[in-house]
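This briefing is intended for a reader meeting the structure for the first time. Please look over the sequence and the model shown here before turning to the points below.

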Amino acid sequence: MLITLLLFLLSAVTIYLACEYFVNGIEWTGHHFKVSQTATGSLLAALGTALPECIVTLTALLMGDAPVQQQIGIGAALGGPLVLSTIGYSAVGLTLLLYMSPEHRVMEDEVQRAIGRDQRWFVGIFLVAVALGMVTFTGKAWLAPLFVLIYLVYVRRELQQTDSHEVELPEPLKLAPGAGIPPLRKVLLQTLVALVVVALAAQLFVHQLESMGELLGLSPVLAALLLSPVATEMPELMNVLIWVRQGKHRLALANISGAMMIQGTIPKAFCLLFTPWLLDRTMMVSSLVTLLAVLMLWWGFRRGRMTAGKLAWVGLVYLGFGGWLMLA
């Protein structure tokens with residue numbers, strides 16, 4: 001148990017330190033390729049930090065066709081959006097409340113509208129996925145490419161976004177602190193090495209959290225729904241902490257919303273390909289809780305009334321679901 005706790009803490013610290021290099025590198029990557037701040041967070045950062053969750057889902061599905069492995073894979077695919085829509089956005093709100101003065105907690109209308117659009121997209125995609133999980137029919141696996149296509153359409157839309165305000169240069173690249181505009185090769189080297197370290201540390205974090213789940217007597221499916229997603233979404237949560245503390249909540253919010261779009265499409269495509277994609281009672285409740293959280297977020301962002309305090313409260317939705325799971 002002691003070794004598990006030590007490895008757990010070591011992997012968490014490693015993820016945080018590697019994420020500092022990653023977010024620094026990804027900002028310069030966006031600058032070099034003339035990508036907007038929103039797209040830098042929702043596409044470049046999200047693609048990198050969402051990899052661990054996609055890998056966990058795919059690994060669970062490919063390890064065998066045993067029902068328990070399929071359930072773990074489906075649980076991981078559903079758990080990611082649940083954690084991001086609750087703990088992820090709550091982390092933004094809490095970090096704003098803890099580190100920012102009241103005047104710096106304000107989220108611009110433009111940012112709120114952009115995040116609200118992402119929530120609307122996610123609701124539509126997730127409703128289709130849940131509906132497919134309630135029925136059985138021949139050829140369901142052929143719908144997997146549809147989810148990939150939807151994500152590609154989202155990517156195209158994000159790349160068309162432009163910044164409506166002047167964007168400051170990122171902080172100096174950590175590999176080249178003296179360079180005004182660091183060379184692209186150093187930017188990509190720092191970003192890719194940091195991403196590899198994040199992915200490896202996240203896998204170690206997942207294994208330690210799963211071991212803790214076994215010690216607590218949690219079933220594999222419960223661990224896949226509750227613990228594994230929290231572990232694999234650690235990179236996003238660390239990015240949130242770093243970017244919000246730097247006063248860049250636009251990037252933090254875009255990172256979470258972009259990761260949700262990935263989680264709502266790519267892992268679902270994997271599940272449609274390798275499983276019957278049928279949701280049991282616990283998974284249906286998990287899906288409904290996710291939809292509840294996203295609808296709350298969409299309502300607030302669409303009306304331009306989302307505040308740091310309201311974001312912080314969304315985390316209670318996850319705690320309520322966790323309590324229900326433990327008692328059920």
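The loop between H1 and helix H2 (37-49) contains Lys34. In this predicted model, Lys34 has a positive phi of about 55° although it is not a glycine. The points that follow begin with this part of the chain and then turn to the core, the rings, the annotated spans and a further helix.

- Lys34, with its positive phi, comes just after H1.
- Is Lys34 buried or exposed? Its relative accessibility is 77%, so Lys34 counts as exposed.
- Thr14 belongs to helix H1, and with a relative accessible area of 26% Thr14 is partly exposed.
- Which residues does Thr14 touch, not counting those up to four places away in sequence? They are Val197 and Ala201.
- Thr14 and Ala201 are 187 residues apart in sequence, yet their C-alpha atoms are 6.4 Å apart in space.

- Most residues other than glycine have a negative phi.
- Trp277 is not a glycine, but has a positive phi of about 50°.
- Trp277 is located in the loop between helix H11 (266-274) and H12.
- The relative accessible area of Trp277 is 2%, so this residue is buried.

**The largest nonpolar core**

- How many residues does the largest nonpolar core have? There are 90, and those with the most contacts inside the core are Tyr89, Leu253, Trp277, Phe301 and Leu311.
- Helix H4 (residues 67-99) supplies the largest share of this core, namely 10 residues.
- Leaving aside neighbours within four places in sequence, Leu253 is in contact with Tyr89, Val92, Met107, Val111, Ile115, Phe301 and Leu311.

**Aromatic pairs**

- The model has 5 aromatic pairs.
- One of these pairs is Tyr89 and Phe301: the ring centres are 6.0 Å apart and the planes are at 55°, so the pair is tilted.
- Why does this pair tie together parts that are 212 residues apart in sequence? Tyr89 lies in helix H4, whereas Phe301 lies in helix H12 (residues 281-302).
- Both Tyr89 and Phe301 are buried.
- Tyr151 and Tyr154 also form a tilted pair, because their ring centres are 6.0 Å apart and their planes are at 35°.
- Tyr151 and Tyr154 both lie in helix H6 (residues 144-159), where they are 3 residues apart, about one turn of the helix.
- An α-helix has 3.6 residues a turn, so residues three or four places apart point the same way.
- Tyr151 counts as buried at 6% relative accessibility, and Tyr154 counts as buried at 0%.

**Charges over rings**

**Annotated spans**

- An unreviewed UniProt entry carries the annotation "transmembrane region" for residues 41-62, 74-101, 121-154, 187-206, 252-277, 283-301 and 308-327.
- In the model, residues 121-154 are 68% helix and 0% strand, with end C-alpha atoms 9 Å apart.
- Residues 308-327 are 95% helix and 0% strand, and their end C-alpha atoms lie 31 Å apart.

**Helix H9**

- Helix H9 (residues 234-245) has 12 residues and reaches 17 Å from its first C-alpha to its last, close to the 16 Å expected at 1.5 Å a residue.
- Of the 12 residues of H9, 10 are buried, so this helix is largely enclosed by the rest of the structure.
- The buried residues of H9 include Glu236, Asn239 and Trp243.

Conventions
Residues are numbered from 1 along each chain as its sequence is written. This is a predicted model: local features need pLDDT of at least 70, side-chain atom pairs count only at pLDDT 80 or more; totals for chains, interfaces and linings use all residues. Side-chain values use heavy atoms; hydrogens and water are left out. A nonpolar core is a set of buried Ala, Val, Leu, Ile, Met, Phe, Trp, Tyr and Cys residues joined through side-chain atoms within 4.5 Å. Buried means under 20% relative accessible area, exposed over 50%, partly exposed in between (1.4 Å probe, protein chains only). Helices (H or I, at least four residues) and strands (E, at least two) are DSSP runs, numbered from the N terminus. Contact means heavy atoms within 4.5 Å. Rings of Phe, Tyr and Trp (its six-membered ring) pair if their centres lie within 6.5 Å; planes under 30 degrees apart count as stacked, over 60 as edge-to-face and the rest as tilted. UniProt positions are given in the numbering used here, feature names are shortened, and annotations may be inferred rather than shown by experiment. The expected span of a helix is 1.5 Å times one less than its number of residues.
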